[in-house]
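Have the picture handy as you read.

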Amino acid sequence: MSTFVEYFKHHWKKNDAEGRHLIHSCPELIDCIQQVGFLPLLESGIEGYSAEALMAEECRFTEFPDGSWEWPLWQWKSSVVTEGNCVYGKFFAGKAGFISRKWWHDFYNWRRSKHPIPEEGTIEDIILQTLRENGSMIARELRAACGMTGPKMRGKFDAFINRLQMGCHIVTEDFVYPTDKHGREYGFGWSLLTTPEHLLGADACRCSRTPEESYRHMEEHLTRLLPEATEKQIKKILQ
C-alpha cells in the first residue's frame, strides 16, 4: 500500500468500502495539501494522485436536468488558495495544482533554473512587466493591457501564460466570479493572476539549496509518497 493511501487511512475515519479516505470538506483538502506538499487538481497520470480522485461522491461534479451544476472541489479553490497556505497554478505538465508553502521555495528554485526570466522586449516579458505594474489582474484584463485582443490571440496569450506559470513567474492569487442580477456568483470564475513575489514576498522565493539539490529533495519526497509511481511519472510532475 502506498504512503499516499496510508496517509489517508491513518488521518480520517470516513473511508470508502476499500478503505480509501475520501475528502468531504474544504478544510480536509487544505490539510491534505499541507501533508502531501504537491497535489494536482485533476487527473495527473498517476492513479489516485489528484484532488479530484480523492473527493467523496457528494463532492464530485454533478450536472442537473436544468443545465445547472454543482462541483464543491471547484468551488473550494478560492478558499484553498486564499486560506490554505499554498500556491496554485498550472505547474504540473501544464495542468493546475497546489503546492504547499513548505515546498514552494524548492519548487520555485528548480523551475526558475529551467525557465529563467524572459528576455527584455519579448511577449512574455511584456506580460510580466504589465502584471508587476498592476500587482494582480484577471487574465482577460491582462491580455487586453498587453494588446493581445485580435483574432485568435486568446489561444496564443493562454499559451504564454501557461509557460510563465510552469516557470513559476505567474501564480493564481484568487478567483473572481461574475454575478447575476440578484448578486449571486455563477460560472467557473476567472483567475486573478499575480507574481509569486507579490503574493508571497521575496523571502518565500529564496532557497539555500542549489536547483539540483532542490530537485533531488522533491524527488525523494514524491518517491516516498508515491512508491508505485515510475521515475518517469515523478519527473513529469517536477519537470
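## Two words to know

A residue is called buried when its relative accessible area is under 20%, and exposed when that figure is over 50%. Keep in mind that what you're looking at is a predicted model.

## The whole chain

The protein chain contains 10 helices and 8 strands. Its C-alpha trace spans about 55 × 55 × 30 Å along the principal axes. For 239 residues, a compact globule would have a radius of gyration near 18 Å, so the 19 Å found for the protein chain agrees with that.

How much of the chain is tucked away? Buried residues account for 46% of the 239 residues. Now take the contacts between residues at least 6 apart in sequence: 59% of them join residues at least 24 apart.

## The outside

## Zooming in on α10

Helix α10 covers residues 231-238, and its buried residues are Ile234, Ile237 and Leu238. Viewed down the axis of α10, these buried residues fall within an arc of 90°, so they line one face of the helix. Here's the general idea: an α-helix has 3.6 residues a turn, so residues three or four places apart point the same way.

On the other side of α10, you'll find Lys232 and Lys236 exposed.

Key
Residues numbered from 1 in each chain as written. Predicted model: local features only at pLDDT ≥ 70, side-chain atom pairs only at ≥ 80, totals over all residues. Heavy atoms only, no water. Helix = DSSP H or I, 4+ residues; strand = E, 2+ residues; numbered from the N terminus. Rg over C-alpha atoms; globule rule 2.2 N^0.38 Å. Buried < 20%, exposed > 50% of the residue type's maximum accessible area, 1.4 Å probe, protein only. Contact = heavy atoms within 4.5 Å. Arc of directions from axis to C-beta.
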